[in-house]
Amino acid sequence: MTASLVLFYIAAALGLAGAIQALRSREPRAALRALAVVIGAAVAVDLLLVAPWVALFAAIAGGLVIAVMNLASGLGGDAPAGPRRRRATIAGLALIAGLTWIFLGTWGRQLAFPGHDLAPGASFGSLRQAATALAGETLTLPLALPLLLFAGLVGALALLDEGQRSRRR
Amino acid sequence: MIPITHAFYLASLLLLLGLVGLVLRRSLFGALCAVQIMLCAGHLALVAAARIWASVDGHALALLALTAMVAQGVLGAALALVWLRERDPDEPAPTL
């Protein structure tokens, strides 16, 4: 077992534990701390998969999301503990147990493919390559355009709502 | 070097956990957390796919997924704040 595989297992265990804790926690700030662990684990896996710039962006995006959600969490009360919380925990643990069973049951027959070999000295995962792929017409037009249109639609609805309110006043 | 299969297992498990949370949690905050976990899982799967084919197109898609994660987080938190500000003060405290 290589060092990177050990690191991957540690990150995966932390990420899964964080996800279960984030979903079962009834205290918003505790849930946010668990969400930060999930994002940290994802950043570690990104680094192990040779995607340093995606990892950096994920860390920045995760920090931003947690900061904004932290603002909203300060205003809310605790959700009461109930059967739904217990069911969420049981369902999460059952999913993990099921996948572990599949993982162990198919241990010898798994296609543990490590990916195509990278050419020696290849700059796979560099910022330049990612920017070139992002700027390519195959990705930008069908993906970025709907996102921009959606953001514009939300902005237009917010402006319309604000206009109607000021007219009522 | 890690087997990509393991990364896909992790991504699918995180996605399923997020889906379970989205279905079972009634609070707005819990649903937001669940969607964040699902988007995190999605970007992990894209990065793993990029490594399989040694193509950075997956990285570009992962960057777009992360942008969507930020947009969803900011919009969700903003909606929660507006909802809390405008609710009737006599109403019982919401489960955020």
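**Patch, burial and packing in a predicted model**

Tutor: In chain A, helix H1 (residues 3–24) is the element that gives the most to the nonpolar patch, with 4 residues. Keep in mind that this is a predicted model.

Student: Which residues make the nonpolar surface patch?

Tutor: Met1(A), Val6(A), Leu7(A), Ile10(A), Leu14(A) and Val37(A). The patch covers about 580 Å². Leu7(A) lies in helix H1 of chain A, and Ile10(A) is found in helix H1 of chain A too.

Student: Why is Ile10(A) called partly exposed?

Tutor: Its relative accessibility is 47%. Buried needs under 20%, and exposed needs over 50%. The value for Ile10(A) falls in between, so Ile10(A) counts as partly exposed.

Student: How far apart are Ile10(A) and Val45(A) in sequence and in space?

Tutor: In sequence, 35 residues. In space, 9.9 Å from C-alpha to C-alpha.

Student: Now chain B. How do you know whether Gln36(B) is buried or exposed?

Tutor: Set its value against the cut-off. Gln36(B) has 2% relative accessibility. Buried means under 20%, so Gln36(B) counts as buried.

Student: Where is Gln36(B), and what does Gln36(B) touch?

Tutor: Gln36(B) is found in helix H2 (residues 28–52) of chain B. Leaving out residues up to four places away in sequence, Gln36(B) touches Leu35(A), Val65(A) and Met69(A) in chain A. In chain B, Gln36(B) touches Met69(B), Gln72(B) and Gly73(B).

Student: How do helix H3 (residues 52–73) of chain A and H2(B) pack?

Tutor: Their axes are 12 Å apart, at an angle of about 175°.

Student: Why is H3(A) called roughly antiparallel to H2(B)?

Tutor: Angles over 145 degrees count as roughly antiparallel. The angle here is about 175°. Therefore H3(A) is roughly antiparallel to H2(B).

Student: Which residues meet between H3(A) and H2(B)?

Tutor: From H3(A), they are Val54(A), Ala58(A), Val65(A), Met69(A) and Ser73(A). From H2(B), they are Phe29(B), Leu32(B), Cys33(B), Gln36(B), His43(B) and Val47(B).

Student: How many helices and strands are there in chain A?

Tutor: There are 6 helices and 0 strands. Along the sequence, the pattern is α-α-α-α-α-α.

Student: What belongs to carbon and sulfur atoms in the accessible surface of chain A?

Tutor: 70% of about 10200 Å². As for burial, 33% of the 169 residues of chain A count as buried.

Technical notes: Residues numbered from 1 in each chain as written. Chains lettered and ligands numbered in written order. Predicted model: local features only at pLDDT ≥ 70, side-chain atom pairs only at ≥ 80, totals over all residues. Heavy atoms only, no water. Patch = residues over 30% accessible without salt bridge, like charges linked within 9 Å, V, L, I, M, F, W, Y side chains within 5 Å. Areas by Shrake-Rupley, 256 points an atom, 1.4 Å probe, with all protein chains shown as cover. Salt bridge = Lys/Arg side-chain N within 4 Å of Asp/Glu carboxyl O. Helix = DSSP H or I, 4+ residues; strand = E, 2+ residues; numbered from the N terminus. Buried < 20%, exposed > 50% of the residue type's maximum accessible area, 1.4 Å probe, protein only. Contact = heavy atoms within 4.5 Å. Axes fitted to C-alpha atoms, helices over the stretch in contact; angles between N-to-C directions. Parallel < 35°, antiparallel > 145°, perpendicular 65-115°, else oblique.
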